[in-house]
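Here are a few exercises to work through with the model open beside you. Try each task before you read its solution.

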Amino acid sequence: MTLFRAALVLGLLSAVGPFAIDLYLPAMPQLAASLGIDEAGAQLTLTAYFVTFGLAQLFYGPWSDQSGRKMPLYAGLTLFIIGSVGCAMAPDIGWLLAARALQGVGAAVLMVVPRAIIRDMHTGTQATKLMAMVMLVISVSPMLAPLVGTALVQLGDWRLLFWALSGVAILSLVLTGTALPETLARADRQPINLRSLWAGSKVLLSDPAFMGLTLIGGFGMASFFVFIANASFVYQGQFGLTSTGFSLAFAINALGFFGASQVAGPLGARVGIVRLMGFGVFGFAGFTVALMLLAVSGAASLYVIVGMLFCANACLGVVIPTSMVVALDAHGRIAGLASSLGGTLQMLTGGVMIAITSLFVDGTALPMVVAIAMCGVAALVLALLTLRRISLDPATPPAIS
């Protein structure tokens, strides 16, 4: 399987989960009005998705280590389809929360298994290149999904978006069956039992490099989640953008991340993956703290917010793919478990940050940018504690010292 074909297939599969978030962001104010709930209630639909999305990864990783990578994909996509139909038919917020939670359970497989497949196929710089190419494909979601969501809402209402997600998942199921090979040889499969899971988890949880790298990526992703949960209300509420205007502003912020992710592989080969990650974390923290100070002083206009977040997300574009790759490099034999545990910790970090931010929602950008700055500072502190433990030699795969 060529690098390009692998990136295309894995990217399309990986994009389903983010698509389930980004597609309905422009419709969140309409959804809230339709169900008679406030902004915090609408944000709970994201929290329900993120929490189950995180927890379910603990199951899919070990399962994929035992059965191979494809069977969990079939099961997860089927659950996602059922959850999407449930969302489309939801009569009230309770039903919608339950269906979104089921969607998250299904989508979790699309976070774990593609990363494990990348680790099956490559390590080091090659894995970073493949991860970056996968993220280029995933970039279609945050740049186009809100625009597609806006168009669908104009044709129907927010329920139509979930019918569309059902169709996307069905196409992904077909893609899995026809275009994705099994990458885990039978000889390399690990039996699932509590003893092996506990032993593997102990190895990972006691590895400071794995935990540090995972949480660096986790706080980077948490900043995205905070932005996703609040952006539609801030951009459309405080700044008066239309749903189309919001979609364009959202796409600009996402473009910074995915544009930068494409240089992560070549730059990592030149200056070293770990050194590149350090530069990225420092930039992310710097831009987000600067934005927070501007917001506190009352100088954070729409253009300032969009511009500063573009720069901060560009820094994350070289942090998140490299942190994922380096975290898994030393744990190839339990790549599925490592991917699932890492993904769970990252999703839970994002869910917690959304929940904290929702307590301070006031219709302005300030709570959002403060929470994003907190993520930047946390990532920087973890980087200072973690990256010195890892080999800085750009000519060799990262090694835990």
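**Exercise 1.** Decide whether Thr-176 is buried or exposed, and list residues that Thr-176 touches beyond its sequence neighbours.

*Solution.* Step 1: the relative accessible area of Thr-176 is 0%. Step 2: buried means under 20% relative accessible area, exposed over 50%, and partly exposed in between, with a 1.4 Å probe and protein chains only. Thr-176 is therefore buried. Step 3: Thr-176 belongs to helix 11, residues 158–179; helices (H or I, at least four residues) and strands (E, at least two) are DSSP runs numbered from the N terminus. Step 4: leaving out residues up to four places away in sequence, Thr-176 touches Leu-13, Lys-70, Leu-73, Tyr-74 and Leu-77, where contact means heavy atoms within 4.5 Å.

Before going on, a note on the numbers: this is a predicted model, in which local features need pLDDT of at least 70 and side-chain atom pairs count only at pLDDT 80 or more, while totals for chains, interfaces and linings use all residues. Residues are numbered from 1 along each chain as its sequence is written, and side-chain values use heavy atoms, with hydrogens and water left out.

**Exercise 2.** Find how helix 13 and helix 19 are oriented to each other, and what kinds of residues form their contact.

*Solution.* Step 1: locate helix 13 at residues 208–238 and helix 19 at residues 366–386. Step 2: their axes come within 9 Å and cross at roughly 170°. Axes are lines fitted to C-alpha atoms, for helices over the stretch in contact, and angles run from 0 to 180 degrees between N-to-C directions. Step 3: angles under 35 degrees count as roughly parallel, over 145 as roughly antiparallel, 65 to 115 as roughly perpendicular and the rest as oblique, so helix 13 is roughly antiparallel to helix 19. Step 4: the contact holds 19 nonpolar residues, four polar and no charged. Here Ala, Val, Leu, Ile, Met, Phe, Trp, Tyr, Cys and Pro count as nonpolar, Asp, Glu, Lys and Arg as charged, and the others, Gly among them, as polar.

**Exercise 3.** Summarise the fold of the protein chain as a whole.

*Solution.* Step 1: count 19 helices and zero strands. Step 2: buried residues make up 57% of the 401 residues. Step 3: among contacts between residues at least 6 apart in sequence, 85% join residues at least 24 apart. Step 4: the C-alpha atoms fill a box of roughly 55 × 45 × 35 Å along the principal axes.
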